[in-house]
Amino acid sequence: MLNFIAAIGKRVLSTLSQIGGIFILLKATLFWVFIGPFIKKPISYRNIFQQMVFEGVNSLLIVFFVTFFTGIVLAMQSAYQLAQLGAEMYVASLVAVAMAREMGPVLAALVVAGRVGAAITAELGSMQVTEQVEALQTQALNPVRFLVVPRFIALMVMLPCLTILGVFAGMVGGYLMGVFSIGINSGVYIDITFKFLALKDIYTGLIKSVSFAMIIALIGCYMGLNAKGGAEGVGRATTVSVVTSFIMIILADCVLTGIFFFSQM
Amino acid sequence: MENREVVIEVKDLVKSFNGRVILNGINLKVYKGETLVIMGGSGCGKSTLLRNMIGTHRPDSGSIFIKGNDITKLNESEFDKIRKIYGMVFQDAALYDSMNVEENISLVLCEHTKLDPDIISIMVKMKLELVGLRGFEKFMPSQLSGGMRRRVGIARALAMDPELVFYDEPTAGLDPIIAGVIDKLILDLSKKLQITSVVVTHDMKSVFAIADRVVMLYDGKIIAEGEMSEIKNSEDPRIKQFITGSPEGPIQFLQSGDGYLDELTK
């Protein structure tokens, strides 16, 4: 029994120290994004650009694929329900609002967490275990400025962009389904989409996706920089990073949706 | 001897991990221009000592002075100034995987100096010439052999023309000829460029080749310190055992039989 309590205590302590570590990393990252460049050294734009290509441009296809088919599925599922009320044309608004407020940001974030978050942890983790991070330190190159900040900025810019594209792809999927299979008039579909889709639907979605970007980048970098124990350690860190990101994205989604819901946004 | 300029001074250094004391009161001086070898068996704390000196680990107590600055009391940005006067060669070179040889060497120059890219490219060529790898600028680290990576690592450590270079087991895992080449390189650099070197190794052949002075670490303490000749002729059985590599002697790596049966039948 005592062992059991001790094990729980140990687990809680290590989780708390990880949360603390992530906040310390956040503080250092924000310092190098907003203050560091002006009083110390600027960030390499080439690095940020490279990361943007890897994190954003190369994720385009898979985000498009996932959201497009989700749009089609949403259209079918909602048509099934709305048909009982004889209100099939509202498939349009349902798909649009659901994509913009919820499915677009979350799906894009989950896809990027799996693709980019894992890659960040694996790369930084193998740099850590092969002493490359230490090498940066001994050359007076701050690892946070050099490794974390470019990935952080790139993801903060690219994930909202991917989200917008994902929302659009989902709406196109819903449109194709609605018009060519369910049989809603094309003009009516577009009309209803824009009648019900408000600007706030778009920007609440974007607020979500910026928060998700922060979660993915920070957890990915933290787990990578704290990887220990060779190849196995890097593998473990990558798994933990992706799983933690997934959980935190869903949690943050729930909290943010609650805030938007109760504040009537 | 005593009136030579002291580059590094370690005072009463103590460091422990998870309650296990790794370094227990280390006192050490490194003089300008010499090659000091820190030797000792695996797990004796020599790598930890090196990591404390380069500042990637912070000690529990004690102080380390590099050119008069107590690095244990400096904050990161003050420490970065000290970091620019030394170079570090890592055990497996720790080259940046995502960059080619030229970028590996020039990175620190691009970041810390305002030199023209043309000048930086000339400097990279000079550093590569020093280690005998001119012409390999565009190679990626994964395309190089172990010995070549190690030499690029040395060139990278020399990029900022440091007066002090740390080496972590520079010959470990290399064939005898390449190990000899690395030894000669370390020797050449310290003589030609007047670089002070601190080498951590357990390769006795390498110790005999390069050391001016030797420090032997055992169980977290310095058990011998002196000129190469003194160490060679030392009567201390622990040092004799280490030099000859004999499994029999005061340094026990095999567990004794006491309690073995009890443990098995518990």
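Helix α4(A) is followed by A:E131, whose phi is positive, near 70°. Helices here are DSSP runs of H or I with at least four residues, strands are runs of E with at least two, and both are numbered from the N terminus. This is a predicted model, in which local features need pLDDT of at least 70, side-chain atom pairs count only at pLDDT 80 or more, and totals for chains, interfaces and linings use all residues. Residues are numbered from 1 along each chain as its sequence is written, chains are lettered from A in the order in which they are written, and side-chain values use heavy atoms, with hydrogens and water left out.

**Helices of chain A**

- Helix α4(A) bends by about 60° at A:M99. The bend is the angle between axes fitted to the seven residues ending at a residue and the seven starting there.
- A:I215 sits in helix α8, residues 199-225. A:I215 counts as buried because its relative accessibility is 15%; buried means under 20% relative accessible area, exposed over 50%, and partly exposed in between, with a 1.4 Å probe and protein chains only.
- Beyond its neighbours within four places in sequence, A:I215 is in contact with A:G220, A:S245, A:M248, A:I249 and A:A252. Contact means heavy atoms within 4.5 Å.
- The C-alpha atoms of A:I215 and A:F246 are separated by 9.3 Å, with the two residues 31 apart along the chain.
- A:R236 belongs to helix α9, residues 230-262. At 46% relative accessibility, A:R236 counts as partly exposed.
- A separation of 9.4 Å lies between the C-alpha atoms of A:R236 and A:M223, 13 residues apart along the chain.

**The largest pocket**

- The largest pocket holds about 1,700 Å³ of space. A pocket is an open set of points on a 1 Å grid over the protein atoms alone, where a 1.4 Å probe fits, with protein on both sides within 12 Å along at least five of seven lines; lining residues have an atom within 4 Å of a point.
- Its lining has 42 residues, and the closest to its centre are A:Q128, A:V133, A:Q137, A:P143 and B:T56.
- Helix α1(A) gives the most to this lining, with 7 residues.
- The lining of the largest pocket divides into 15 nonpolar, 14 polar and 13 charged residues. Ala, Val, Leu, Ile, Met, Phe, Trp, Tyr, Cys and Pro count as nonpolar, Asp, Glu, Lys and Arg as charged, and the others, Gly among them, as polar.

**The second largest pocket**

- The second largest pocket has a volume of about 670 Å³. A volume is the space filled by probe spheres set on the grid points, which are joined across faces, edges and corners.
- Of its 24 lining residues, A:R46, A:N47, A:F146, B:M99 and B:L107 are closest to the centre.
- Helix α3(B) gives the most to this lining, with 6 residues.
- By class, the lining of the second largest pocket has 11 nonpolar, 7 polar and 6 charged residues.

**Strands of chain B**

- An open sheet of 4 strands in chain B has the order β2-β1-β4-β5, with antiparallel pairing. Two strands pair if DSSP finds at least two bridges between them.
- Strands β2 (20-31) and β5 (69-70) of chain B stand at the edges with a single partner strand each, so one side of each has no neighbour in the sheet.
- Strands β1 (residues 6-17) and β4 (residues 61-66) of chain B run antiparallel and are joined by 5 bridges. B:E9 has B:F65 in β4(B) as its bridge partner.
- B:T35 is placed in strand β3 of chain B, residues 35-39. B:T35 is buried, with a relative accessible area of 0%.
- Leaving aside neighbours within four places in sequence, the contacts of B:T35 include B:S190, B:V199, B:I210 and B:D212.
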